[in-house]
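Trainee: Hi! Could you go through the charged contacts in this one with me?

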Amino acid sequence: MEGFRWIIPLILAVSLVNCSDDLRHRPPVAKHGSSHPHSDEEASRIAMQIDALDDDAEVNPWELSGLFEGDILLDSQQVRNGILNESARWTEATVPYYIDEENFTDEEELVILKSIKEYHDKTCIKFRPYRKNDTNWVVFRSTSSGCWSNVGMQSEGQTVNLHSPGCVRHGVVIHELLHALGFYHQQSATDRDEYVRILWENIESGHEHNFNKYNASDLTSYGIEYDYGSVMHYSAKAFSKNQEPTMEALQPNVTLGQRKGLSDKDIAKLQHMYESRCLKRRESENSEPPGFVEQLNSLLGILGNNAIFSSLT
């Protein structure tokens, strides 16, 4: 029996190698996010700040990433995509992905795959490995500083950058993937002033724009109440110049934001956004997309994790 313990992990490890060429094929250079958005000096500063954070830090890693609202990549030619923009939705609620294995350890790759698994378990969104004929996809990289993503589907490939090791954490990956699926930050909501007070006097000079609201023509809550506990909500001290809060809740006994994973309201909004596209998807919503389970189980076997996932969720 002792020798038998290694048979399943070995089979799982080999299974990824035996996947079809399409599932293992490296995509072309992504059109969005392939160039470094920071100078070398700025990149070094951001990396040091993020790596210094621990799991109990009051500030979220994505708030330190030095882009629009902290972690949103806007290309110079890109008009800002709102959550209502249908062209920013992923076809059939399915996201082709590629993890650049040169950028991550096996343990970090497993963090990414387990974050994807949360979407599979709790929503109708599916991720599957990139195929040669895909025209839109997400590539996970760690070649730039910070944790960041575009908002919504972009043509010809887009980057989800997860600076290693500081950004390769479950809640951070969940957050950046929600951006890629079409979400802005919760405190940007049109009705946010009914729920939080912005303490402008504590915001670092030059970062006031990060607390702008969006018009109702750009964003919608799908009739779901403001979510203090969203994984997309800033922390209370985001962009603070003096370690004092920059936002406070107008309701008692609530915490702003979290890094644990999808909230119930995050899930509800995502389901509303993609409901029609999920219905059109040809694959059964009860099964994992081809290639994902093999990739996940291969890593679990290599790392000696006893949890083996079947093809059904």
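Trainee: Which residues are linked in a network of salt bridges?
Mentor: That would be Arg26, Asp100 and Glu102. Keep in mind that this is a predicted model.

Trainee: Okay, how far apart are the closest N and O atoms of Arg26 and Asp100?
Mentor: They are 3.5 Å apart in that salt bridge. The two residues come from distant parts of the chain, 74 residues apart: Arg26 is in the loop between α2 and α3, and Asp100 is in the loop between β1 and α4.

Trainee: And Glu102, what's its N to O distance to Arg26?
Mentor: For Glu102 and Arg26 the value is 3.6 Å.

Trainee: Is Asp100 buried or exposed?
Mentor: Asp100 is buried, because its relative accessibility is 9%, under the 20% cut-off. Arg26 is partly exposed at 41%, while Glu102 is exposed at 67%.

Trainee: Switching topic: how many salt bridges does a search of the whole structure find?
Mentor: Nine. One of them joins the side chains of Glu225 and Lys265, at 3.8 Å from N to O.

Trainee: Where do those two sit?
Mentor: Glu225 is in the loop between β6 and β7, and Lys265 is in helix α6, 40 residues apart. Glu225 is partly exposed, with a relative accessible area of 45%, and Lys265 is partly exposed too, at 27%.

Notes:
Residues numbered from 1 in each chain as written. Predicted model: local features only at pLDDT ≥ 70, side-chain atom pairs only at ≥ 80, totals over all residues. Heavy atoms only, no water. Salt bridge = Lys/Arg side-chain N within 4 Å of Asp/Glu carboxyl O. Helix = DSSP H or I, 4+ residues; strand = E, 2+ residues; numbered from the N terminus. Buried < 20%, exposed > 50% of the residue type's maximum accessible area, 1.4 Å probe, protein only.
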